[in-house]
Amino acid sequence: MRLGDVEFEDFVRARGSALLRYGYVLTGNPDDAADLVQEALLKLSDAWRRVRNKDNPEAYVRTIMARQHISWWRRRRREHLTDDVPEGFYVDSHASGELWNALRTLPRRQRAVLVLRYYEDLADQEIAEILGVSRGTVRSQAFRALAALRVKPAVLERGRA
């Protein structure tokens, strides 16, 4: 074992419980606090050689923990977790079979562009390389294909009547 490793282990033994309390104050949950401390100590272990000679390595770890908690909070804030199951459900009026039938009506290049873009999730440049055309051609073919597949309002109104 190296000297730096022993010092890191001593630091963790000496300040681990204080860091766990700090994590609990940040998160309000003991499980999340333990995860937060573990993540912070992993990051600290990578930087221990630089940090151990500083005045206060614990401040460094607390900063890591605060920033990590903010990162987690931002990520979770975008999620909308709920215990309630939605009452209704959505049924697409166009079954997937209809979509593939509509795609078959398109010219081959337009069909290939749409499938590569939306089904395979490829970028325009990748599609252009695969098809051996320019990026502008990919974009124009996609535009024309989508225009051909769009349902016109007049047709939609006739279907309801």
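A residue is termed buried when its relative accessible area is under 20%, exposed when over 50%, and partly exposed in between (1.4 Å probe, protein chains only). The structure is a predicted model, in which local features need pLDDT of at least 70 and side-chain atom pairs count only at pLDDT 80 or more, whereas totals for chains, interfaces and linings use all residues. Residues are numbered from 1 along each chain as its sequence is written, and side-chain values use heavy atoms, with hydrogens and water left out.

Salt bridges (a side-chain nitrogen of Lys or Arg within 4 Å of a carboxyl oxygen of Asp or Glu) number 6 by this rule. One of them joins Asp124 to Arg117, at 2.7 Å from N to O. Both partners are buried, Arg117 at 18% relative accessibility and Asp124 at 12%. Arg15 pairs with Glu58, their closest N and O atoms being 2.6 Å apart. Because Arg15 belongs to helix 1 and Glu58 to helix 3, this bridge ties together parts 43 residues apart in sequence; helices are DSSP runs (H or I, at least four residues), numbered from the N terminus. Arg15 is partly exposed at 31%, while Glu58 is buried at 12%.

Beyond its neighbours within four places in sequence, Leu19 is in contact (heavy atoms within 4.5 Å) with residues including Phe11, Leu41, Glu58 and Met65.

Terms used
Helix = DSSP H or I, 4+ residues; strand = E, 2+ residues; numbered from the N terminus.
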